[in-house]
Amino acid sequence: MKKTLSAAALLLVALAGCGDVDDGPSGTSGGGKGGGTLTVFAAASLTETFTALGREFERAHRGAKVRFNFGGSSTLAQQITQGAPADVFASANPATMKTVTDAGDAAGTPRVFTRNRLVIAVPADNPGKVGAVGDLARPGLKVVLCAVQVPCGAAAKTALGAAGVEVRPVSREKDVKAVLTKVGLGEADAGLVYRTDAKAAGGRVRAIEFPEAAKAVNDYPIVEVAKAPNAALAKEFIALVLGERGRAALAGAGFEAP
């Protein structure tokens, strides 16, 4: 049975990428406003926004603790379908969410809660003198992209195709944060990342908009995971994300309304 044999191992993998929103003691699994631990699997590009919403959620739910597993959406979807315990899944595109729904691992219908688009990220001093998407094809320019199986990689493929630009990346990274890190450290001259990630990086990188990004805008769906260990809190967290406070936090981070 795939979900019983692999669950323990996958939990260890998932927790390696998890981040608690505070350093208090972990709660026990439970439901409602009385507390418990809520486990949210979310796309790496949601790290800053969801971490802030998690803190707000904990303040409103005495005794509750939110634990996040941020990463590439395709990896998270695979972990869920192979039995890793999760309460909520928020993906950076519908295709990776479909992996979960097709496996029968979603409780209900996913709802799109926000959108995001790509920008060209360059180091603050822009050593490669990148000014437009066409520059990414320049020989000798070190460009990093997301792996094609994750949403930022799929979006990059679509946007570059729309621009008629062929890029030979020096590396393909596991998620958008890994691309951003390489650019921010000066290990790459440019990379394609989400607008929100470039904004969150502050002065470490410079964002360059390009029109073809409009051809590859990603919809972000969210859903309660089937047989969620803490279904009551899952529903309430999703309500927060979909509600006024969630919309405001996402807009402040640079996400677009769905």
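**Figure 1. An aromatic cluster in the predicted model.** Ring pairs link Phe50, Phe57, Phe68, Phe70, Phe113, Tyr194, Tyr220, Phe237 and Phe255 into a cluster. The model is predicted, not experimental. Across the structure there are 9 aromatic pairs. One of them joins Tyr220 and Phe255: the ring centres lie 5.6 Å apart and the planes meet at 80 degrees, so this pair is edge-to-face. Tyr220 sits in strand 11, whereas Phe255 belongs to the segment after helix 10 (244-252), so the contact ties together parts 35 residues apart in sequence. Both Tyr220 and Phe255 are buried.

**Figure 2. Strand 11 and its two antiparallel partners.** Strand 11 covers residues 218-225. Of its 8 residues, 7 are buried, so the strand is largely enclosed by the rest of the structure. Strand 4 (residues 88-90) runs antiparallel to strand 11 and is joined to it by 3 bridges. Within this pairing, Phe89 has Val223 as its bridge partner. Strand 5 (residues 106-116) also pairs with strand 11 in the antiparallel sense, here over 7 bridges. In strand 11, Val225 stands opposite Ala106.

**Figure 3. Helix 3, its span and its buried residues.** Helix 3 runs over residues 47-60. Its 14 residues should span 20 Å at 1.5 Å a residue, and the end C-alpha atoms are 20 Å apart, which agrees. Buried residues in helix 3 are Thr49, Phe50, Thr51, Leu53, Gly54, Glu56, Phe57 and Glu58. Two of these, Phe50 and Phe57, also belong to the aromatic cluster of Figure 1.

**Figure 4. The surroundings of Ser73.** Ser73 lies in helix 4 (residues 73-81). Its relative accessible area is 1%, so Ser73 is buried. Leaving aside residues up to four places away in sequence, Ser73 touches Ala43, Phe89, Ser91, Ala92, Thr96 and Pro151.

**Figure 5. A salt bridge within helix 5.** The whole structure holds 12 salt bridges. In one of them, Lys98 pairs with Asp102, and the closest N and O atoms are 2.6 Å apart. Both residues lie in helix 5 (residues 94-102), 4 residues apart, or about one turn of the helix. An α-helix has 3.6 residues a turn, so residues three or four places apart point the same way. Lys98 is partly exposed, at 48% relative accessibility. Asp102 counts as exposed, at 56%.

Figure 6. Lys177 forms a salt bridge with Asp197, with 2.7 Å between the closest N and O atoms. The pair links distant parts of the chain, 20 residues apart: Lys177 is in helix 7 (residues 176-184) and Asp197 in helix 8 (residues 195-200). Lys177 is buried, at 18% relative accessibility. Asp197 is buried too, with a relative accessible area of 0%.

Figure 7. The side chains of Glu209 and Arg195 meet in a salt bridge, at 3.2 Å from N to O. This pair, too, links distant parts of the chain, 14 residues apart: Glu209 lies in the loop between strand 10 (205-208) and strand 11, and Arg195 in helix 8. Glu209 is partly exposed, with a relative accessible area of 47%. Arg195 is partly exposed as well, at 25%. Salt bridges that share partners join Arg117, Arg195, Glu209 and Glu256 into one network.

**Figure 8. Confidence along the chain.** The protein chain has an average pLDDT of 90, and 87% of the residues score at least 70. Over residues 1-17, however, pLDDT stays under 50. The model has 23 contacts for this stretch beyond four places in sequence. Residues 21-32 also have a pLDDT below 50, with 30 contacts in the model beyond near neighbours in sequence. Where pLDDT is low, the predicted coordinates should not be read in detail.

Key
Residues numbered from 1 in each chain as written. Heavy atoms only, no water. Buried < 20%, exposed > 50% of the residue type's maximum accessible area, 1.4 Å probe, protein only. Pairing = 2+ DSSP bridges. pLDDT = per-residue confidence, 0-100. Contact = heavy atoms within 4.5 Å. Expected span 1.5 Å × (residues − 1). Salt bridge = Lys/Arg side-chain N within 4 Å of Asp/Glu carboxyl O. Phe/Tyr/Trp six-rings, centres within 6.5 Å; stacked < 30°, edge-to-face > 60°.
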